[in-house]
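Work through the exercises below with the model at hand, and try each task before reading its solution.

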Amino acid sequence: AVYTYTINNAVSEYPYSIEALAVTNDTGEILTEPPMDTGFIVDMTLKEIKERDARDQMFVAVYDPNGKLLSLDYVRCNLAADSEFSIGFYIPPQDSDIGSIKAFIWNSFDTPEPLAASAELRF
């Protein structure tokens, strides 16, 4: 089934939207690229547009420049409708260069159904 939602006269097929994605250090300073020698935080802000009675999963994936997965972290949550939520994912120091960071919201890990358009940072 495909659902569509209207937000400020724009139509979305998803119940969530990823409003912001940023790389920060542990003090909250926004970085232009992830550091190689230390861990860092990926801050994601999302909004639940349509109420869901489920614990959905937010993922942050880190890839090298060739698209190889370097790190994956996720949390499960159940948000209130029409609310905005921010969360920081800690990413440990990487042994390879980082090419991109992607954020996803899915209904489950085993049979993922996208619940928001993904967001991506490229370096």
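**Exercise 1.** Determine whether F59 is buried or exposed, and describe the aromatic rings around it.

Solution. F59 has a relative accessibility of 0% and therefore counts as buried, where buried means under 20% relative accessible area, exposed over 50% and partly exposed in between, with a 1.4 Å probe and protein chains only. This is a predicted model, in which local features need pLDDT of at least 70 and side-chain atom pairs count only at pLDDT 80 or more, whereas totals for chains, interfaces and linings use all residues. Residues are numbered from 1 along each chain as its sequence is written, and side-chain values use heavy atoms, with hydrogens and water left out.

Next, search the whole structure for aromatic pairs, which gives three; rings of Phe, Tyr and Trp (its six-membered ring) pair if their centres lie within 6.5 Å, and planes under 30 degrees apart count as stacked, over 60 as edge-to-face and the rest as tilted. F59 and W106 form a tilted pair, with 4.7 Å from centre to centre and 50° between the planes. This pair links distant parts of the chain, since F59 lies in strand β6 and W106 in strand β9, 47 residues apart. W106, at 21% relative accessibility, counts as partly exposed. The rings of F104 and W106 have centres 5.2 Å apart and planes at 35°, so this pair is tilted, and F104 is buried, with a relative accessible area of 16%. Taken together, ring pairs link F59, Y74, F104 and W106 into a cluster.

**Exercise 2.** Locate P34 and identify which residues it contacts, leaving aside its neighbours within four places in sequence.

Solution. P34 belongs to the loop between β4 (30–31) and β5 (40–48), and at 10% relative accessibility it counts as buried. With those sequence neighbours left aside, P34 is in contact (heavy atoms within 4.5 Å) with V23, F40, I98 and F123. P34 and A61 are 27 residues apart in sequence and 13 Å apart in space, C-alpha to C-alpha.

To place the loop, turn to the strands beside it. Four strands form an open antiparallel sheet in the order β4-β3-β5-β8, and its edge strands are β4 and β8 (83–91), each of which pairs on one side only. Two bridges join strand β3 (residues 16–24) to β4 in the antiparallel sense, and T24 stands opposite I30 in β4.

Note on methods
Pairing = 2+ DSSP bridges.
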